[in-house]
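User: Hey, can you walk me through this one? I'd like to start with how the strands pair up.

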Amino acid sequence: MSSTGWHVPDEDLRRYADREAAPPWLWSVEAHLAACPGCRHRLADAADPDVVRAGWSRLDAEMDAPRPGPLESMLARLGVPEHTARLLAATPVLRWSWLAAVAVTLAFAATAAHLAQAMAAPLPFLAVAPLLPLVGVAVSFGPGVDPTYELAVVAPLHTFRLLLLRCAAVLGTTTALTAAASLALPGYGPVVLAWLLPALVLTLLSLALTPRFGPVTAAVGVGVGWAALLASTVRFDTGESMLFAAGGQVVLAIGAVLAAVAVVKVRPAFETSRHRGRAPRPETRRAP
Amino acid sequence: MTATAPTVRAFELTLRYPRRTALDGVSFTLHDGVTGLLGPNGAGKTTLLRIVATAIAADSGELTTLGHDPRTVAGRLAVRRRLGYLPQSPGFHPNFTAFEFVDYVAILKELVPARRRHEEVRRVLATVGLDGERGVKIKALSGGMRQRVALAAALLGDPDLVVLDEPTVGLDPEQRMRFRELVAESGEGRTVLLSTHQTEDVMTVCQRVIVLDHGRSRFQGEPTELAALAQGRVWTSTVRSPGALAAWRTGNGSYRNIGEPPADAALIEPTIEDGYLMLIDAAGTAKEAA
C-alpha cells in the first residue's frame with residue numbers, strides 16, 4: 001500500500017502497459033509499483049503478462065545496479081558519461097591511499113622547498129612533482145598492476161582508449177594536487193610552475209616506451225633519466241637549472257610534442273599483450 | 001564429421017619465447033561444441049589459448065577466427081566482439097561486487113546503454129547460478145563462485161567463441177562438477193575451447209580433444225579415440241608389472257598396468273587417461289631417442 005494514499009491513475013497504467021512511458025516518469029511509476037501491491041494487481045489485469053515481466057526485470061536490474069561511488073558521482077555531475085565514469089573509477093591508483101601518498105609526498109617536497117628559501121628555485125619540489133604522474137600512470141594499467149588487464153586487452157573497447165582515459169584521470173588528479181601545493185610556495189614566483197612541462201614529457205615518454213619495456217620498467221627508466229638530466233644541469237646552491245628557465249621550458253614543450261607523436265605511432269602495440277604484441281613476420285605460410 | 005565452416009582454422013602456428021619454443025607448427029580446426037585442450041604443464045596450452053583469444057599474436061602461421069584474420073586491426077576487433085574469454089587465474093577488483101565486476105567487463109565489451117547492460121549482467125549471473133550473490137563482494141566469494149563470476153563475464157553478449165583456460169583448477173570436486181555442467185551448457189550452439197590438464201574434464205564435457213606436448217600437437221580426435229590409443233595395453237593384475245609404462249595400485253587392491261603385462265594379468269578397457277599417458281610417454285620416449 002502506498003504510504004501517501006496516491007495510486008497510479010488508470011490512464012497512466014495503460015500508457016505504462018503500452019510501453020509509452022519514458023524516463024523519468026517511467027521510473028516514478030515503477031518505483032510506486034514496487035511498493036504498491038494494489039497497483040501491481042491492477043496492472044496485471046490491464047497489461048500483457050510479458051510486458052509486466054519485462055517491467056519487473058527492468059526494475060530488478062536497476063535495483064541491482066551498482067551504486068556510483070563519490071568519484072563516479074562527481075564525474076557524472078561534470079558531464080562524464082556513466083560508462084566512462086565506471087571505467088575511470090576502476091583505475092587501480094584512483095584510491096584514497098594513492099591520493100594520500102601523493103599529497104604527503106608533495107607536502108614533504110613543498111616543506112623542503114620552503115625551508116630552502118635562500119634558493120632561487122624550489123628544487124626539491126620541482127624535482128619530485130614531475131615524477132608523481134609518471135608513477136601514477138605506470139601503475140594504472142598493465143600486466144601485474146591491473147588485475148583485469150588480460151580481459152581488457154581482448155575486449156572490443158580499444159585498450160589505448162582505456163589507457164588514455166586512465167592517464168587523463170591520473171594526470172588530472174595529480175596536477176590538481178600539485179597545483180594546490182604550488183600555491184604554498186608563492187615566494188618563488190612563476191618558476192614554481194616549472195614542473196608542469198617535465199611532468200608531461202616524462203609521462204608521454206614513459207607511455208611511448210611502455211609497449212617495448214612494460215609500464216613499470218619504462219617509468220623507472222624515464223624517472224632515472226630525469227634524475228640524471230636534472231643532476232647534470234642544476235646548480236645545487238641556488239636550485240636553478242636551465243630546465244626551469246624559459247629556454248629549457250621551450251625545449252621541454254618540443255619534447256612533449258615529439259613524445260606525443262611517438263605515443264600515437266606505437267598505439268597499435270597496446271592492442272595486444274606486451275612482448276608478443278608485434279605483428280607476425282611477413283613470411284608466414286598460407287593455409288592449404 | 002561436421003559440415004559447417006570451422007569457427008577457428010589454425011595452420012602451423014609457431015611462437016618462440018627467448019629461451020624456448022612455446023608452439024611449434026600447431027594446426028587444428030574448431031567447430032561448434034566443446035573442444036578440450038589437454039597437455040602437461042608447459043605444453044603450450046595457455047599460449048595457444050591466448051593466441052586464439054587475440055591477446056597475443058603468433059610469430060608465424062595462419063589463423064582464421066570466426067571468418068576474420070586477427071592479425072589485422074579490423075579482424076581483431078570483429079573477433080573480440082564475438083569472443084568470451086576466461087583467462088588462467090582471472091583477476092578481479094576485490095572491492096567490486098559480482099554484479100559490479102561483470103558490469104565493468106560489460107562496459108569493456110562495449111555494452112554501453114546502462115539498462116540493457118544491467119539486464120545482460122543479470123542474465124549471465126543467473127546462467128551461472130549466482131542470482132543470490134549479485135551484491136556480494138568478490139573478496140567474500142569462494143574460489144568456485146569467483147570462477148563462475150569469471151565465466152559469467154565470458155558469456156556476456158552471447159559470444160560465438162568461448163575460450164576457457166583451466167577453469168577447474170583449484171575447485172573442489174562438487175564445484176568442478178557444477179562448473180563442468182555450466183561449460184557443457186555453454187557449449188550448446190557455440191564453440192568452446194577448454195584448456196585443462198584433467199582428463200575428467202575431457203571425459204565429461206568435450207566432443208573433441210587436442211593433446212599438446214612440448215608445443216606440438218600429438219593427437220586430435222574424439223575422446224573415445226584418445227582412449228582407444230591404449231586399446232590392448234591396459235591390464236589389471238595382483239602384482240605391479242616391472243615393464244609397464246605406468247602402474248599403480250587401485251582402490252580395490254589390484255594394480256592397473258599400462259604397457260607390458262605382468263603374469264596372470266587380465267586385459268581391461270582403457271580410459272582417456274590411459275590413452276593420454278600412452279601418448280605422452282611415447283612422445284617423451286621419441287624425444288629422448290632423438
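User: Before we go on, what kind of model is it, and how does the numbering work?

Analyst: It's a predicted model: local features need pLDDT of at least 70, side-chain atom pairs count only at pLDDT 80 or more, and totals for chains, interfaces and linings use all residues. Residues are numbered from 1 along each chain as its sequence is written, while chains are lettered from A and ligands numbered from 1 in the order in which they are written.

User: Back to S5(B). What is the bridge partner of Leu86(B) in S6(B)?

Analyst: Leu164(B). On strand S5 (residues 83–86) of chain B, Leu86(B) points the same way as Gly84(B), with Leu83(B) and Tyr85(B) pointing the other way. All of these are buried, where buried is 20 or more other C-beta atoms within 10 Å of a residue's own, exposed is 12 or fewer, and partly exposed is in between, with C-beta atoms placed from the backbone.

User: Which open sheet has 3 strands?

Analyst: The one in chain B with the order S2-S1-S4, where the pairing is antiparallel. Its edges are strand S2 (21–30) and strand S4 (60–65) of chain B, each pairing on one side only. The twist averages 15 degrees from one strand to the next; axes are lines fitted to C-alpha atoms, for helices over the stretch in contact, and angles run from 0 to 180 degrees between N-to-C directions.

User: Okay, domains. Where is chain B divided?

Analyst: Into domain 1 (8–226) and domain 2 (227–289), with bounds that come from an automatic or database domain assignment. Taken over C-alpha atoms, the centres of those two domains of chain B are 32 Å apart. Their contact takes 14 residues from domain 1 of chain B and 11 residues from domain 2 of chain B; two residues are in contact if their C-beta atoms, placed from the backbone, lie within 7 Å.

User: What supplies the domain 1 side of that contact?

Analyst: Helix H7 (199–205), strand S8 (208–213), strand S9 (216–221) and helix H8 (223–228) of chain B each supply at least two residues. H8(B) gives the largest share, 4 residues.

User: S8(B) and S9(B), how many bridges join them?

Analyst: 5, and the two strands run antiparallel. Val211(B) has Phe219(B) in S9(B) as its bridge partner. The hairpin has 2 residues between the strands, and His214(B) takes a positive phi near 50 degrees there.

User: Switching to chain A: what are its domains?

Analyst: Domain 1 (10–64) and domain 2 (85–271), with centres 51 Å apart over C-alpha atoms. Chain A has 14 helices and 2 strands, and 36% of its 288 residues count as buried.

User: Is Val52(A) buried or partly exposed?

Analyst: Partly exposed, because Val52(A) has 17 C-beta neighbours inside 10 Å. Val52(A) is in helix H4 (residues 49–64) of chain A. Leaving aside neighbours within four places in sequence, Val52(A) is in contact with Leu43(A), Ala44(A) and Ala47(A).

User: Last one: which residues touch the most other members of the largest nonpolar core?

Analyst: Phe101(B), Val102(B), Val149(B), Ala152(B) and Val163(B), out of 147 residues. A nonpolar core here is a set of buried Ala, Val, Leu, Ile, Met, Phe, Trp, Tyr and Cys residues joined through C-beta atoms within 7 Å. Helix H12 (residues 196–213) of chain A gives the most to this core, with 10 residues. A second, separate core of 6 residues includes Leu13(A), Tyr16(A), Leu33(A) and Leu43(A).

Note on methods
Pairing = 2+ DSSP bridges.
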